[in-house]
Amino acid sequence: MKRVFAHIGFSFAITLIVLNFLGIEAAFAILAVAGVAFAVSVFFGKTRRGLSVPLCMFAAVFASAIFISSYYSVFLPQKSLDSETVSAEFYIVDLEECRNDSYYYTVKTSYLDKDSAPQNIKLTIKSEKKIDAGYYQKINGRIKLRLIADNGFGSYGSFGNGEFLSGNLLDFDVTNESVFSLNKFILNQRENIKSLIYSSIKSPENSIIIALLIGDKSEIPNNIKENFKYGGVSHIMAVSGLHLAVFCGTVSVLLKKLRIPKVLQVFITFFCVMFYMALAGFSKSIIRAGIMMIVMLCGRLFNERSDALNSLGIAVFIICLNPFAVTDAGALLTVTAVLGLIIIDPMLIRRYKPKTKLVYYVYKTVCASLSVFLTTLPVVCITFGYVSMLGIFLNILIIPLAQIAMVSAFLMFLFGWFNPLRFVLSYSCQFSASFMIFITGKAASVPYAVADVSENKVFLAIGAVFIFFGISFLFKKKQLLKHTAVIALAVLIAVVAISDFIERDNIYVKEINGYYTTSIVVYNKKNAVVIGVDDSSQYYAVSNMIKSKNLHISMIADINDSEYSKKLANKFGALNYVCDNENIKYLNNCRNFFCDEEFIVDLWEQLNVEYKSNQQNKYILLKIYDTEFMCIRKYECSDSSEYVIYLDSESDYDIVYTVNKNGISERRLNEWQK
C-alpha cells in the first residue's frame, strides 16, 4: 500500500477536528466505535490486506485516546483556575507586544501558589506597566486568571498554542534568577535580526522585512496590514514553506559554492531548518514546512525521492500530537494550501505548457494561486468571513518581490559586517518592500476586491460543491468529473436560490472589531445601518460589505466624530447621518442630519432605531423583531437590553448575529491574522 503516512495523518487530523467540535462525550463514543471497526477490519482478510481501513480506524482510536488524555490531564486542571487570583513565579518566553498602552507577554509559570494547581503552564498576561526583565528571568507576581474558552475552536488558536488561560498581572517583582533554555538564544537572535533591520532599512519597509524573516507582524502599520489582507497576499507574512525554501535555497547555494560534500550539505541544511523553525517561533505553518523539508533531505541522503502526500501526512500527524492544534486557523490553512499544490496544481500545469519562460512563470504562478485558493476556501470562509479575489493574480508580483527581499535580508544578516555589501542589500530590501506596499495599496482600493462570505448559504453552497468533487476524485474517473461539474453547478444554484428564499426576512448584525473600537453593521437584502467606523480596518471591511452586497446605507452613526465615517458617507452616501458635531452638514451625499438630537425611527420593516445623547450618556438601541441590541461604551454599561455591544472594546474576532421571527443565532469569525 502506498502513502501509509498520508492515511494515518489525515485520518488522525479529521478525527480530532470532529472531536473538538463535538466534545469529550463524543470522544468516548468514537473511541469505542473506531476500536470495534479496527478489530473487525483486521479480522477480515480483504480489508486487512488493503490496509487503508485498519490504518484509518487505528488513527481514529489513537486520536480519541490522545484527546481524552489531554482533556483530563491538561485542560480540566487549568480550567479549575478560571477566575482565580494566584501568586506565581514565571518568566517571559516570547517577544513583548504593546497594544493600546498595555503590554502583553507570553510567559511560563514555574510555580503557582495554590493547592492542586497545575505547574509549568503557558499563558499570555496583560500588564499596565512594562516588565523590565530579560527572557527567562524569573518574576514574582499576582495574576488574575481567566479561561480563554470552553473548547478548542472557541479559543481561536490559543489552545493549539498550548494556552488555555490568560491573565491580568496585578503586581510583580523581577528577581535576579534565570531559567536555562536554548530558546533564550533564539529570542536574542530574533532581537538581533530586528535591530539589524531597523538600523539598515527605513520605516515602514523594515516592518515588512521583519515579518518576512521571522513572522513578527506587530510593528506593521495598520493601514499596510489591511492592504495586504484585502489584497489577498497576507499569507506572505506568515512564515511557511516559501520562506523556508528561500532560506534553504540560499544556504544550499552558499554550500555548493564552498564545495561542501553532499552528505555534509544535508546535515548542515538540516540544522539550518531546525534553527529557522525556532527563529519563526515554531508556528504550525513552519512546523509543517520544516517536517516536509526534513523528509525531503532524508530522501536526498539515501538517494530516494520523497512522496509529497506522505511527507504532508507525517507533518500533520506530528502537529496533531497536540490534539487542539487542528483548531488553529494557521494549521488548517497551511495543510489545505499544500494539498492544493500537491493535488490540483499538477493537474492544471499538465493542461497547458507555454513555450516562453515568462508566460510559463505567469501561468505556473496563477495555477498555484488558484489551487491554493480552491483548497483553502472552506477554511477561509469559516474563519474569516471574507474572500479576496485579487490574491490569485497579485502573487505574480508579490512572491518574487518577497523572495528578493528575503534573500537580500538573509545575506545582509550573514555579511552585514561588510558595509558596501550591506548598503546594496539593504537597498534591495527597501525597494522590494516599498514596491509590495505600493502594489497592495493600489489593489486594496479596487472595487469588489473582497467578497463577503459570512452568510450560511455560502457554506451550504461551498460544502455541496466540495462533497461532489470529493466523490469524483475518490473514484478517479475523468468522465465523472464532467458530470460532477454540471451537478455541482446545479446544486450551487439550487442552494443559493433556496437559501435566498428561506433567509429573505433575515436581518444581520455584524460586529467588526478594529484595533481600538468596535464597528456595527446592521443589514438586510437591500439596506444597511453603520455605527462607529473609527479606523482603516473597519472602513475597508464596511466598504467591501456595502459594495459586495450592493447595499444602500440608511443611516451612519458617527459616534466619535471619525474621519472614516465621513469618508464612508462621501463614498456611498447615506439617507441619515447621526453625529455630535453641528458643523458636519457639509457632507454632500447625505440627506438628513441629526446632531445631538434624540429620536426613535422605524428605518425599515422589523428594525427600530432609538438614539439618545447627552453629557452623561450616549447610546443606540436597535430593536430587531423581538430582540434588542444596545450599542454603548463600556463605562456606560446598561442592562436594559438582551444584547450589549461595546463600542470601545477590542477583540480577536468578529461576530455575526442572524435575527428573524424565530429568534437569534450567533457566529464568530476568527481574526487570527491580527
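**Exercise 1.** At what angle do helix H13 (residues 357-383) and helix H14 (residues 391-415) pack, and how far apart are their axes?

*Solution.* The model examined here is predicted.

Step 1. H13 and H14 pack at an angle of about 125°, and their axes lie 8 Å apart.

Step 2. The handedness of the crossing of H13 and H14 is right-handed.

**Exercise 2.** State which residues of H13 and H14 meet, and classify them.

*Solution.* Step 1. On the H13 side, the residues in contact are Tyr361, Val362, Thr365, Val366, Ser369, Leu370 and Phe373. On the H14 side they are Gly391, Ile392, Phe393, Asn395, Ile396 and Pro400.

Step 1. Sorted by class, the contact of H13 with H14 comprises 9 nonpolar and 4 polar residues, with no charged residues.

**Exercise 3.** Describe how helix H8 (residues 241-257) is placed against H14.

*Solution.* Step 1. The axes of H8 and H14 come within 10 Å and cross at roughly 50°. This angle makes H8 oblique to H14.

Step 1. The crossing of H8 and H14 is right-handed.

Step 2. From H8, the residues Leu242, His243, Val246, Phe247, Thr250 and Leu254 take part in the contact. They meet Ile399, Gln403, Met406, Val407, Phe410, Leu411 and Leu414 of H14.

Step 3. The contact of H8 with H14 contains 10 nonpolar residues, 3 polar residues and no charged ones.

**Exercise 4.** In what order do the strands of the open sheet of 5 strands stand, and which strands are at its edges?

*Solution.* Step 1. The order is S15-S16-S17-S18-S19, and the pairing is mixed.

Step 1. The edges are formed by strand S15 (599-604) and strand S19 (643-646). Each has a single partner strand, so one side of each has no neighbour in the sheet.

Step 2. On average, neighbouring strands of this sheet are turned by 20° against each other, direction ignored.

Step 3. Within the sheet, strand S16 (residues 607-613) and strand S17 (residues 618-624) run antiparallel and are joined by 7 bridges. Ser613 has Lys618 in S17 as its bridge partner.

**Exercise 5.** Summarise the chain as a whole by its secondary structure and burial.

*Solution.* Step 1. The chain has 19 helices and 21 strands.

Step 1. Of its 674 residues, 50% are buried.

Terms used:
Residues numbered from 1 in each chain as written. Predicted model: local features only at pLDDT ≥ 70, side-chain atom pairs only at ≥ 80, totals over all residues. Heavy atoms only, no water. Axes fitted to C-alpha atoms, helices over the stretch in contact; angles between N-to-C directions. Helix = DSSP H or I, 4+ residues; strand = E, 2+ residues; numbered from the N terminus. Left-handed = near helix turned anticlockwise from the far one by under 90°. Contact = heavy atoms within 4.5 Å. Nonpolar A, V, L, I, M, F, W, Y, C, P; charged D, E, K, R; others polar. Pairing = 2+ DSSP bridges. Parallel < 35°, antiparallel > 145°, perpendicular 65-115°, else oblique. Buried < 20%, exposed > 50% of the residue type's maximum accessible area, 1.4 Å probe, protein only.
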